[in-house]
Amino acid sequence: MGTTRGTIKRILAVVVMIFSVLVLLLSLTGIAGTWIVRNRLNTDLVDIVTAAEARVSATKQGLDRLEAVLAQARSHITTVEQDVQAFGADLEQNRPLLAAISDKLGLNLAPLLDSAREIMTTVRETVVAVDSAIEAINAIPFVSVPVPELESVKKLSQDVDNFRTEVQNLRTAIEQRRSEIIGGAISFVTTPTSQLGSALDEMQAAISDYSQQLSGVQEELAAFKSAIRRWLTWTAVISTLILLWLVFSQSVLLVLGWRAFSNRTLLPEERREPPTDS
C-alpha cells in the first residue's frame with residue numbers, strides 16, 4: 001500500500017514538474033515576444049499615423065490651392081460686376097465692354113474653374129484615403145480620432161461644378177442676347193454675377209471651416225503618435241511583470257515537485273540545535 005502511494009506521488013510530481021517547465025518556458029518566451037511585438041507594433045502604428053498625417057497635410061494643401069484659385073475667380077467676378085455697372089444706353093458703346101466680360105468669363109475664369117474642379121477631385125480622393133486610415137486607427141481600443149466629414153467635401157465639389165456651369169450659362173446668355181445689353185436691360189447679367197459672387201464667398205467660407213476641421217485632426221493624430229511609444233511600453237512592462245510572476249511561481253512549483261519526486265518533505269525542516277548538557 002505504501003509503495004503504491006509512493007508511486008502515485010512520484011507520478012503526480014513528474015506531471016507537476018512537466019507542467020511547470022512548460023509554463024516556465026512559455027513565460028520566458030512570452031517576455032521576449034512581448035518586447036518584440038511591442039517594437040513591431042510601434043513601427044507599424046507610427047507608419048500608419050504618419051501616412052494619415054501626410055494625407056491630411058496633402059488635403060490641406062489642396063484646399064489652400066483651391067482657395068487661391070477661388071480668390072482669383074472672385075477677383076474676376078468683381079471686375080465683371082464693375083464692367084456691368086459701366087453699361088450705358090448706347091449699344092455700340094456697350095459692345096467693347098461686352099467683349100471684355102465675355103473674355104473674362106471664357107478666357108480668364110473658365111480655366112480657373114477647370115483647375116478648381118481638378119483640385120477638388122484630388123482632394124475628395126485624398127479625404128477618402130484619410131477617412132479609411134483614421135477608421136483603422138480608431139479600431140484600436142480607447143483611441144478616438146475625429147474623422148473628416150466626407151459629405152462636406154462632396155458638397156464643396158458639387159458647388160464648384162455648379163459654379164462652373166453657371167459661369168458657362170452666363171457666357172452663353174451674353175453671347176445670345178447682345179442686343180439687349182443696354183442701360184436698364186442688364187438684369188440677366190447683374191443678377192447672375194451677384195449670385196456668383198455670393199457662391200464664391202460661401203465656398204471660401206466652407207474651405208476655411210474644413211481646413212480648421214483638418215487642423216483638429218492633425219492635432220489628434222500628432223497626440224496619438226506621441227503617445228504610441230508610451231502606451232506600448234507600459235503595456236509591455238505590465239505584461240513582463242505578470243510573466244515574471246509566472247516564472248517565479250512555476251520555479252517554486254518545480255522545486256516542490258522535485259522534492260516530492262525525491263520523497264523529501266515539501267518544505268525544508270527547521271534545524272534544531274541538539275540539547276546541551278548543563
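I take helices as DSSP runs of H or I with at least four residues, numbered from the N terminus. The model I am reading is predicted.

**Entry: helix α1 and its surface**

I looked up Ile18 and found its place in helix α1, which covers residues 2-85. Together with Val14 and Leu22, Ile18 makes a nonpolar surface patch of about 250 Å².

**Entry: Thr34**

I moved on to Thr34, which is also found in helix α1. Is Thr34 buried or exposed? Its relative accessibility is 18%, so I count Thr34 as buried, the cut-off being under 20%. Setting aside neighbours within four places in sequence, I listed the contacts of Thr34 as Ala236, Ser239, Thr240 and Leu243.

**Entry: the largest nonpolar core**

I noted 45 residues in the largest nonpolar core. Which of them touch the most other members? I recorded Leu63, Leu66, Leu105, Ile137, Phe163 and Leu221. Two or more residues of this core come from each of α1, α2 (91-138), α3 (150-176) and α4 (187-261). The most come from α2, which gives 14 residues.

Leaving out neighbours within four places in sequence, I found Leu66 in contact with Ala116, Ile119, Met120, Leu156 and Ile207.

Key. Residues are numbered from 1 along each chain as its sequence is written. This is a predicted model: local features need pLDDT of at least 70, side-chain atom pairs count only at pLDDT 80 or more; totals for chains, interfaces and linings use all residues. Side-chain values use heavy atoms; hydrogens and water are left out. Patches are made of residues with over 30% relative accessible area and no salt bridge: like charges are joined within 9 Å, nonpolar side chains (Val, Leu, Ile, Met, Phe, Trp, Tyr) within 5 Å. Accessible areas come from the Shrake-Rupley method with a 1.4 Å probe; for residues, only the protein chains shown count as cover. A salt bridge is a side-chain nitrogen of Lys or Arg within 4 Å of a carboxyl oxygen of Asp or Glu. Buried means under 20% relative accessible area, exposed over 50%, partly exposed in between (1.4 Å probe, protein chains only). Contact means heavy atoms within 4.5 Å. A nonpolar core is a set of buried Ala, Val, Leu, Ile, Met, Phe, Trp, Tyr and Cys residues joined through side-chain atoms within 4.5 Å.
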